[in-house]
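The briefing is meant to be read beside the sequence.

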Amino acid sequence: MQKIGGSAVDIRVREAVPADAEALGAVHYRAWMETYTGLIDPVYLQSMSAEKSAAMFRKQSCREILAAEADGRVVGFCGYGAARDADAPAGFGEIRGIYVLRAYQRCGIGKSLLASAAEALRAQGFRKAYLWVLRENDRAIRFYERNGFQFDGVEKTDIRAVPIHEKRYSRAL
């Protein structure tokens with residue numbers, strides 16, 4: 001049991017299943033709005049929707065996704081797996097994204113998701129992992145640094161509808 005807003009809440013991290021696509025899509029969309037409003041061009045954010053996010057999860061059948069539940073409701077998730085970047089360091093796995101609804105942040109859910117993803121990557125044979133974080137997202141950077149990740153000097157600009165500047169953080173598993 002964790003305390004959230006003064007109430008005891010049952011928290012559980014588990015592998016996501018295809019039936020979670022709608023809930024994951026809703027969390028993905030809402031977390032993007034909560035996290036990136038003011039950090040990413042609003043036109044890009046307006047192009048997003050919970051339905052588009054759910055379609056993304058359905059397309060990948062929710063593989064390599066951990067879902068965090070609070071009292072049976074999905075409130076966060078973490079994607080993980082083999083590194084996707086062609087120039088990724090040899091032997092690295094990747095934390096592909098971690099999102100927790102703002103109301104459920106700062107109570108250990110993100111840390112539990114990150115620890116479970118590290119365990120899953122170790123089980124896949126990886127001994128190190130990296131992740132990308134929006135350069136301007138100081139809150140996420142502090143979270144990753146508290147959890148052992150360090151900026152490794154690599155940056156990139158991802159061009160979506162607008163340029164998104166990211167920094168790579170890595171750590172041993």
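The points that follow are grouped by topic.

This is a predicted model, and every value given for it is computed from that model. A search of the whole structure finds 11 salt bridges, while the count of disulfides comes to zero. Strand S5 pairs in the antiparallel sense with strand S4 over six bridges, and seven bridges join S5 to S6, again with the two strands running antiparallel.

- Strand S5 is largely enclosed by the rest of the structure, because eight of its 10 residues are buried.
- Strand S4, which spans residues 65–70, is joined to S5 by six bridges in the antiparallel sense, and within this pairing alanine 68 has glycine 76 of S5 as its bridge partner.
- The hairpin of S4 and S5 has two residues between the strands, and in this hairpin aspartate 71 takes a positive phi near 50 degrees.
- S5 and S6 run antiparallel and are joined by seven bridges, and here the bridge partner of glycine 81 is glutamate 94 in S6.

**Charged pairs**

- Side chains of opposite charge can pair when their charged atoms come close.
- Glutamate 94, the bridge partner of glycine 81, also forms a salt bridge with arginine 84, in which the closest N and O atoms are 2.8 Å apart.
- Because glutamate 94 lies in strand S6 and arginine 84 in the loop between strand S5 (73–82) and S6, this pair ties together parts that are 10 residues apart in sequence.
- Aspartate 20 forms a salt bridge with arginine 14, the closest N and O atoms being 2.7 Å apart, and both aspartate 20 and arginine 14 are buried.
- Arginine 135 and glutamate 136 meet through their side chains in a salt bridge, at 3.4 Å from N to O; arginine 135 is partly exposed, with a relative accessible area of 35%, and glutamate 136 is likewise partly exposed, at 32% relative accessibility.
- Elsewhere, salt bridges that share partners join Arg12, Arg14, Asp20 and Glu69 into one network.

- Within helix H5, which covers residues 138–146, the buried residues are Ala140, Ile141, Phe143 and Tyr144.
- The buried residues of H5 pack against strand S6 (92–100), helix H4 (109–123), strand S7 (128–134) and strand S9 (163–172).
- Just after H5, glycine 148 takes a positive phi of about 90 degrees.

- Asparagine 137 is placed in the loop between S7 and H5, where it is buried, with a relative accessible area of 8%.
- Apart from neighbours within four places in sequence, asparagine 137 is in contact with Thr35, Tyr36 and Leu39.
- Lysine 128 is found in strand S7 and counts as partly exposed, at 42% relative accessibility.
- When residues up to four places away in sequence are not counted, lysine 128 touches Gly91, Phe92, Gly93, Arg171, Ala172 and Leu173.
- From C-alpha to C-alpha, lysine 128 and arginine 146 are 17 Å apart in space, and they are 18 residues apart in sequence.

**Cysteines**

- A disulfide is a covalent bond between the sulfur atoms of two cysteines.
- What keeps cysteine 62 from bonding to its closest cysteine sulfur? That sulfur, in cysteine 78, is 14 Å from the sulfur of cysteine 62, which is too far for a bond, since a disulfide needs the two sulfur atoms within 2.5 Å.
- Cysteine 78 is accordingly in no disulfide, the nearest cysteine sulfur being that of cysteine 62 at 14 Å.
- Cysteine 62 is buried, with a relative accessible area of 1%, and cysteine 78 is buried too, with a relative accessible area of 0%.

Methods
Residues are numbered from 1 along each chain as its sequence is written. This is a predicted model: local features need pLDDT of at least 70, side-chain atom pairs count only at pLDDT 80 or more; totals for chains, interfaces and linings use all residues. Side-chain values use heavy atoms; hydrogens and water are left out. Buried means under 20% relative accessible area, exposed over 50%, partly exposed in between (1.4 Å probe, protein chains only). Helices (H or I, at least four residues) and strands (E, at least two) are DSSP runs, numbered from the N terminus. Contact means heavy atoms within 4.5 Å. A salt bridge is a side-chain nitrogen of Lys or Arg within 4 Å of a carboxyl oxygen of Asp or Glu. Two strands pair if DSSP finds at least two bridges between them.
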